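Dear colleague,

I am passing on the structure below, together with some notes on what turned up when I went through it. Please read them with the model open beside you.

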Amino acid sequence: MQPAVCRILDANLDRAREGLRIVEEWCRFGLNSSQFSDECKQLRQELASWHTLDLRLARDTPGDPGTELTHPQEEQRSGLGTLLQANFCRVEEALRVVEEYSKLYNPKMGAAFKQMRYRVYILESHLLGYQRHQRLAQSYLYLVTSPTEGLFHVVEAALQGGLSLVQYRDKDTADLDRLETARQLRQLCHQYGAIFLVNDRIDLALAVDADGVHLGQQDMPIAIARQLLGPQKIIGRSTTNPEEMQRAIQEGADYIGVGPVYETPTKAGKAPVGLEYIRHVAKNVSIPWFAIGGIDVNNVNEVLNAGAQRVAVVRAIVRAEQPTLVTQYFLAQLARVQPRTTP
Ligand SMILES: Cc1ncc(COP(=O)(O)OP(=O)(O)O)c(N)n1
Ligand SMILES: Cc1ncsc1CCOP(=O)(O)O
Ligand SMILES: [Mg+2]
């Protein structure tokens with residue numbers, strides 16, 4: 001085999017192993033997941049079994065012009081999601097390189113690396129989906145946006161206050177503008193490690209690779225949304241009564257919206273469901289659910305006293321003079337009613 005091919009295989013086997021190790025550390029220490037970390041470890045071990053002495057001996061680090069080259073994006077990562085994605089990308093690229101070059105002298109190695117590459121794709125998809133659902137389970141305050149001047153400023157201020165869940169809701173703007181706004185909001189939310197969902201529009205959610213969608217009773221059925229989005233994305237459903245609540249859960253919603261609790265100009269003409277329905281949901285629902293509609297800093301405790309542990313708001317944050325402070329206030333009130341986890 002040509003020495004250059006050995007060097008290519010050696011370098012890319014190392015690259016794939018390093019990337020997997022970075023992912024594995026997060027699975028182990030960040031997610032405490034033995035299932036994900038075992039899969040990383042098995043992949044690393046399989047890589048090692050192909051990294052034979054003849055390949056290692058071909059290494060010529062001083063003669064490698066690539067050791068000095070780094071991209072500015074490698075120097076800084078905007079968040080954990082970006083870091084993980086960059087490393088998955090690195091592993092997948094490296095496996096593809098090994099797959100191609102190894103075909104020159106060992107077809108079995110090419111086939112084995114193709115298998116490994118698919119295993120890494122599956123791991124990536126499951127891991128990112130798992131992280132997303134974990135983040136949802138840890139989110140107690142939900143900002144639903146409305147078109148406003150300085151939208152990005154408001155959303156960023158709320159993210160700085162600790163917000164971890166955002167829905168982009170805009171009924172009237174032209175699609176081209178919505179697409180651009182959704183792209184930028186997704187980027188902003190992910191920079192802060194927050195989940196980004198799109199109201200109503202599965203196509204828009206797919207176009208910007210959002211974390212999922214929120215669908216009302218008149219929107220697309222959950223089964224179709226699930227087919228289009230896959231199992232790893234989040235699908236939320238609005239409910240106004242126990243029947244809708246039960247159906248949404250049966251259909252596989254990841255969370256439900258519960259409201260409007262109070263009358264609200266944001267959804268003018270929609271009858272409020274009141275606190276009775278909140279009490280019913282509190283007794284009967286175990287998936288995440290968010291009370292929504294007319295909730296602000298003055299009445300949030302009434303909603304929490306009725307049994308809500310999570311709330312979604314539009315005006316209370318979008319119209320706030322100090323969105324960071326309002327977000328912090330909501331989160332502090334919500335923290336009071338979270339079940340204590342024993343250390
Ligand atoms: C969290 C949450 N709950 C309920 C809704 C309302 O959705 P929908 O009934 O489809 O009404 P529109 O928002 O589309 O006007 C929501 N958006 N978010
Ligand atoms: C989208 C939506 N769905 C039920 S109530 C509501 C609007 C809530 O807006 P606000 O928090 O401004 O009352
Ligand atoms: Mg809707």
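Asp-200 is partly exposed, with a relative accessible area of 21%, and in this predicted model the residue is found in the loop that runs between strand S3 (195-199) and helix H9 (202-207).

Asp-209 lies in the loop between H9 and strand S4 (212-215), and its relative accessibility of 35% makes it count as partly exposed.

Another backbone feature to check is the peptide bond that joins Gly-259 and Pro-260, which is cis, with omega at about 10 degrees; Pro-260 belongs to the loop between strand S6 (255-258) and helix H12 (274-284).

Turning to ligand 1, there are 13 residues around it, of which Arg-169, Lys-171, Gly-216, Ser-238 and Lys-267 come nearest. The shell consists of two nonpolar, six polar and five charged residues. An N or O atom in the side chain of Arg-169 is 2.7 Å from an oxygen atom of the ligand, a polar side-chain atom of Lys-267 lies 2.8 Å from a ligand oxygen, and a polar backbone atom of Gly-216 is 3.2 Å from an oxygen atom of ligand 1. Of the 420 Å² of accessible area that ligand 1 has on its own, the protein covers 89%.

Key. Residues numbered from 1 in each chain as written. Chains lettered and ligands numbered in written order. Predicted model: local features only at pLDDT ≥ 70, side-chain atom pairs only at ≥ 80, totals over all residues. Heavy atoms only, no water. Helix = DSSP H or I, 4+ residues; strand = E, 2+ residues; numbered from the N terminus. Buried < 20%, exposed > 50% of the residue type's maximum accessible area, 1.4 Å probe, protein only. Near = heavy atom within 4 Å. Polar contact = N/O pair within 3.5 Å; in protein donor to acceptor, adjacent residues only side chain to side chain. Areas by Shrake-Rupley, 256 points an atom, 1.4 Å probe, with all protein chains shown as cover. Nonpolar A, V, L, I, M, F, W, Y, C, P; charged D, E, K, R; others polar.
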